[in-house]
Amino acid sequence: MSAADRLLCIDLQVDPQRGLQPDANAIFGARALLSVARRSGWTIAHTRMRSHPGGPTGFGETRISGMRPLMSEKVFLRSGRSIADSPGLLALLDEWRHETVYVAAFDHVTLLSCLLLRYESGPRMVLVENALSAGTSVATRAALDAFRSAASHLAAGSTTIHKILSRSENRIAPLHQQSA
């Protein structure tokens, strides 16, 4: 891993009306991954669905502590579930086309959209298993298995937070040094 690590957070939000109801393990994993990435100085980008009409843009959902984007992190809003609805995100992924990008996602449809659109032109997307939700948006076991199979074929691989930590243990700043 290099000092130029990248993390793409796809719809790390809770919005039951849009089918974004992540399971507790994915929420815990996403929080941990964001903490590791932030402490390690990674470049982080978020893609989020806009709130319902009449609500505040992009932030009408339930907010989860530790997963809200920081001011230094780019946020790309979209109305639909395809990342093609966000020209800014497509441009960023084009900039990252030669990089490895770790991916956390709470929305299966948007994740597959991202993997499909960027399959041939890059970047190399690595799914972080602990930060992928099996939530309620995938209704049956067969559908969940089909999603996992498709995602694993389209992604460059998968990893866990534990594996990321074991490879970068010496590069993560201790919490007490961050506030200085």
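This short talk goes through a predicted model of one protein chain, from its confidence to its packing and its side-chain pairs.

On conventions, residues are numbered from 1 along each chain as its sequence is written. Because the model is predicted, local features need pLDDT of at least 70 and side-chain atom pairs count only at pLDDT 80 or more, while totals for chains, interfaces and linings use all residues, and side-chain values use heavy atoms, with hydrogens and water left out.

Let me start with confidence. The mean pLDDT (the predictor's confidence in each residue, from 0 to 100) is 80 for the protein chain, and 78% of its residues reach 70 or more.

Next, the interior. A nonpolar core here is a set of buried Ala, Val, Leu, Ile, Met, Phe, Trp, Tyr and Cys residues joined through side-chain atoms within 4.5 Å, where buried means under 20% relative accessible area, exposed over 50% and partly exposed in between, with a 1.4 Å probe and protein chains only. The largest such core has 22 residues, and those with the most contacts inside it are Leu8, Leu93, Leu111 and Leu127. Leu111 touches Ile10, Val103, Ala105, Leu127, Leu132 and Phe147, leaving aside residues up to four places away in sequence. There is also a second, separate core of 21 residues, which includes Ala26, Ala30, Ala37 and Ile161.

How does helix α2 sit against the rest? Its buried residues are Leu89, Leu92 and Leu93. Seen down the axis of α2, these fall within an arc of 100°, so they line one face of the helix, the arc being that of the directions from the helix axis to the C-beta atoms. They pack against β1, β2 (43-49), β3 (74-78), α3 and β5, while the face turned away from the buried side carries the exposed residues Pro87 and Glu95.

The structure holds six salt bridges, a salt bridge being a side-chain nitrogen of Lys or Arg within 4 Å of a carboxyl oxygen of Asp or Glu. One of them joins Glu99 and Arg6 at 4.0 Å, N to O. Glu99 lies in the loop between α2 (87-95) and β4 (100-105) and Arg6 in strand β1, so the pair ties together parts that are 93 residues apart in sequence.

Asp94, partly exposed at 35%, takes part in a salt bridge with Arg97, the closest N and O atoms being 3.4 Å apart, and in another with Arg118, at 3.7 Å between the closest N and O atoms. The second pair links distant parts of the chain, with Asp94 in helix α2 and Arg118 in the loop between α3 (108-117) and β5 (124-132), 24 residues apart. Through shared partners, Asp94, Arg97 and Arg118 form one network, in which Arg118 is buried at 9% and Arg97 partly exposed at 37%.

Finally, the aromatics. Rings of Phe, Tyr and Trp, the last by its six-membered ring, pair if their centres lie within 6.5 Å, and planes under 30 degrees apart count as stacked, over 60 as edge-to-face and the rest as tilted. The count comes to one aromatic pair. The rings of Trp42 and Tyr102 have their centres 5.2 Å apart and their planes at 15°, so the pair is stacked. Trp42 is in the loop between α1 (24-40) and β2, and Tyr102 in strand β4, 60 residues apart; both residues are buried. Tyr102 is also among the residues that Thr159 touches, together with Val126, Leu127, Val128, Glu129, Asn130, Ile164 and Arg167, not counting residues up to four places away in sequence. Thr159 itself belongs to strand β6, residues 157-159, and counts as buried at 3% relative accessibility.

How values were computed:
Helices (H or I, at least four residues) and strands (E, at least two) are DSSP runs, numbered from the N terminus. Contact means heavy atoms within 4.5 Å.
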